[in-house]
Amino acid sequence: MADQKIPQVTAKRLPLYYRYLEKLHAIGKQRVSSAQLSEALQIDPATIRRDFSYLGELGKKGYGYNVNYLLQFLRDFLKQDEVTNVVLIGVGNLGTALLRYNFYRSHNTKIVAGFDIDSNKVGKEIDGIPIFSIDRFAEVKELHNVEVAILTVPANVAQQVTDRIVAAGIRGILNFTPARLTAPPNVRIHHIDLTTELQTLIYFLKKFPPEENRETPSVDHL
């Protein structure tokens, strides 16, 4: 089934299912039910069944889902065997932390380079990842065939940097700055505002009883 026919909310949950199925496969589990997935991932079982229904007939009533089959199906669907190279721009405290993390639980995504304007950082490495001057962005982007960039620069230069990397051919941006960026329609931007997310979490904790706080999986599952 074509990717565009799957709702975005479903597409965002598929990697969660994939990672949990990897854990089940590692311990030798042969099958799993939507109820078991629901308990582990804190997603309503009806939602899980609906998500999988967009992909075809993946399970059997009364049996559940074959772990090996579903894992392989999602691996192919999510193109988990293809490695996606990513770059990071802005090697401050947050940027450095992300470079050290470098998607350690992902086999198909890795940061291959960092960029900064600080001459004290350029030319060095963080956990084996080289740091380049932003002036070499287009060159390094082409060398590693990069289409996605993580942005951890100061907010006041975020749009300027965005314009520059989009001009170099970047098509996806994970924006950790509070700036709301603009880009051409062919460029996809996901905003990660840690302050807003934390404030939202605190609000829900204060305003709603614990039994009502069954929403999305915790960060530990991401």
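Predicted model: local features only at pLDDT ≥ 70, side-chain atom pairs only at ≥ 80, totals over all residues.

Reader: Why is the pair of Phe52 and Tyr65 called edge-to-face?

Author: The ring centres of Phe52 and Tyr65 lie 5.0 Å apart, with 75 degrees between the planes. Rings pair if their centres lie within 6.5 Å, and planes over 60 degrees apart count as edge-to-face.

Reader: Why is the pair of Tyr69 and Phe73 called tilted?

Author: Its planes stand at 35 degrees, and the centres are 6.4 Å apart. Stacked requires under 30 degrees and edge-to-face over 60, so a pair at 35 degrees is tilted. Both residues lie in helix 4 (residues 67-77), 4 residues apart, which is about one turn of the helix.

Reader: Why is the contact of Arg13 and Asp51 called a salt bridge?

Author: The distance from N to O is 2.7 Å. The cut-off is 4 Å, so the pair of Arg13 and Asp51 qualifies as a salt bridge. Arg13 is in helix 1 (residues 8-26) and Asp51 in helix 3, 38 residues apart, and the pair links distant parts of the chain. Asp51 has 0% relative accessibility, under the 20% limit, and therefore counts as buried.

Reader: How do you know that Arg171 and Glu147 form a salt bridge?

Author: Their N to O distance is 3.2 Å, which is within 4 Å, so the label holds. Arg171 sits in the loop between helix 7 and strand 9 (172-175), and Glu147 in the loop between helix 6 and strand 8. Arg171, at 44%, is partly exposed, and Glu147, at 36%, is partly exposed. The structure holds 6 salt bridges.

Reader: What makes up the largest nonpolar core?

Author: This core has 23 residues, and Val87, Ile89, Phe115, Phe137, Leu151, Ile165 and Ile173 are those with the most contacts inside it. Elements that give two or more residues include strand 4 (84-89), strand 5 (109-116) and helix 7 (155-167). Helix 7 provides the largest share, 4 residues. Apart from this core lies another of 21 residues, among them Ile6, Leu16, Leu37 and Leu70. In soluble globular proteins, nonpolar side chains tend to be buried together.

Reader: Why can Ile202 belong to a surface patch?

Author: Ile202, in helix 8 (residues 194-207), has a relative accessible area of 37% and is partly exposed. Patch residues need over 30%, so Ile202 passes that cut-off. Leu198, Leu201, Ile202 and Leu205 form the nonpolar patch, with about 380 Å² of accessible area together.

How values were computed
Residues numbered from 1 in each chain as written. Heavy atoms only, no water. Phe/Tyr/Trp six-rings, centres within 6.5 Å; stacked < 30°, edge-to-face > 60°. Core = buried A, V, L, I, M, F, W, Y, C linked by side-chain atoms within 4.5 Å. Buried < 20%, exposed > 50% of the residue type's maximum accessible area, 1.4 Å probe, protein only. Patch = residues over 30% accessible without salt bridge, like charges linked within 9 Å, V, L, I, M, F, W, Y side chains within 5 Å. Areas by Shrake-Rupley, 256 points an atom, 1.4 Å probe, with all protein chains shown as cover. Salt bridge = Lys/Arg side-chain N within 4 Å of Asp/Glu carboxyl O.
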